[in-house]
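Hello,

Here is the structure I promised to hand over. Have a look at it first, and then read on for what turned up in it.

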Amino acid sequence: GLEQPLFYWNPSIAPSGMAFYIGQGFPEWKDSLFVGALKAQMLVRLIFEDRRVKQKEWLLQNTVGRIRDVRQGPDGAIYLQPDSTRGKLLGVKR
């Protein structure tokens with residue numbers, strides 16, 4: 001049979017790109033899942049424990065617009081690709 005999702009939004013935030021953070025730049029964010037949101041125009045941080053979402057954090061709400069993609073760079077920063085930057089990346093660094 002099919003397994004039920006671990007987490008979902010209702011109503012949908014229109015999730016887009018996502019990345020697990022395993023870098024060293026933000027130790028407090030290690031092993032968090034970052035999800036870009038098109039409709040909700042924010043970056044969501046999900047913290048899992050025992051295969052369940054333990055905590056949700058909304059970041060950059062209504063500041064950079066619709067986020068299409070999220071990636072961790074080799075420098076430990078988190079990079080976002082919002083619609084509003086026309087192909088340029090935004091970096092979240094310390």
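The largest cavity is lined by Ala19, Tyr21, Phe34, Val70, Arg71, Gln72 and Ile78. A cavity here is a set of points, on a 1 Å grid over the protein atoms alone, where a 1.4 Å probe fits but cannot get out, and lining residues have an atom within 4 Å of a point. The volume of this largest cavity is about 30 Å³, and the structure holds one cavity of 30 Å³ or more. Grid points are joined across faces, edges and corners, and a volume is the space filled by probe spheres set on the points. Strand S5 (residues 67-72) gives the most to the lining, with three residues. Strands (E, at least two residues) are DSSP runs, numbered from the N terminus. Sorted by class, the lining has five nonpolar, one polar and one charged residues. In that count Ala, Val, Leu, Ile, Met, Phe, Trp, Tyr, Cys and Pro are nonpolar, Asp, Glu, Lys and Arg are charged, and the others, Gly among them, are polar.

Before going further, a word on the model. This is a predicted model, in which local features need pLDDT of at least 70 and side-chain atom pairs count only at pLDDT 80 or more, while totals for chains, interfaces and linings use all residues. Residues are numbered from 1 along each chain as its sequence is written, and side-chain values use heavy atoms, with hydrogens and water left out.

Next, the core. Which residues make up the largest nonpolar core? The twelve are Ala19, Tyr21, Phe26, Trp29, Phe34, Leu43, Leu59, Val64, Ile67, Val70, Ile78 and Leu80. A nonpolar core is a set of buried Ala, Val, Leu, Ile, Met, Phe, Trp, Tyr and Cys residues joined through side-chain atoms within 4.5 Å; buried means under 20% relative accessible area, exposed over 50%, and partly exposed in between (1.4 Å probe, protein chains only). S5 and S6 are the elements that give two or more residues to this core. A second, separate core has eight residues, among them Trp9, Ile13, Met42 and Val44. Leaving out residues up to four places away in sequence, Phe34 touches Gly17, Met18, Ala19, Tyr21, Trp29, Leu43, Val44, Arg45, Leu59, Val70 and Ile78. Contact means heavy atoms within 4.5 Å.

Now to the charged pairs. Side chains of opposite charge can pair when their charged atoms come close. How many salt bridges does a search of the whole structure find? There are six, a salt bridge being a side-chain nitrogen of Lys or Arg within 4 Å of a carboxyl oxygen of Asp or Glu. One of them joins Glu3 and Arg51, with the closest N and O atoms 2.8 Å apart. That pair links distant parts of the chain, 48 residues apart: Glu3 is in the segment before strand S1 (15-20), and Arg51 is in the loop between strand S3 (42-49) and strand S4 (52-59). Glu3 is exposed, at 64% relative accessible area, and Arg51 is exposed too, at 54%.

Another salt bridge is formed by Arg66 and Asp83, whose closest N and O atoms are 2.8 Å apart. Arg66 lies in the loop between S4 and S5 and Asp83 in the loop between strand S6 (78-82) and strand S7 (90-92), so the pair ties together parts that are 17 residues apart in sequence. Both are partly exposed, Arg66 at 33% and Asp83 at 32%. Arg66, Arg68 and Asp83 are linked in a network of salt bridges. Glu49 and Lys54 also meet through their side chains in a salt bridge, 3.3 Å from N to O. Of these two, Glu49 is partly exposed at 43%, while Lys54 is exposed at 56%.

Finally, some backbone details to look at. The peptide bond from Asn10 to Pro11 is cis, with omega near 5°, and Pro11 is in the segment before S1. In the loop between S3 and S4 sits Asp50, which has a positive phi of about 55° although it is not a glycine. Asp50 is exposed, with a relative accessible area of 69%.

Enjoy exploring it!

Key: 1 Å grid on protein atoms, 1.4 Å probe; cavity = no way out; pocket = protein on both sides within 12 Å on 5 of 7 lines; lining within 4 Å. Helix = DSSP H or I, 4+ residues; strand = E, 2+ residues; numbered from the N terminus.
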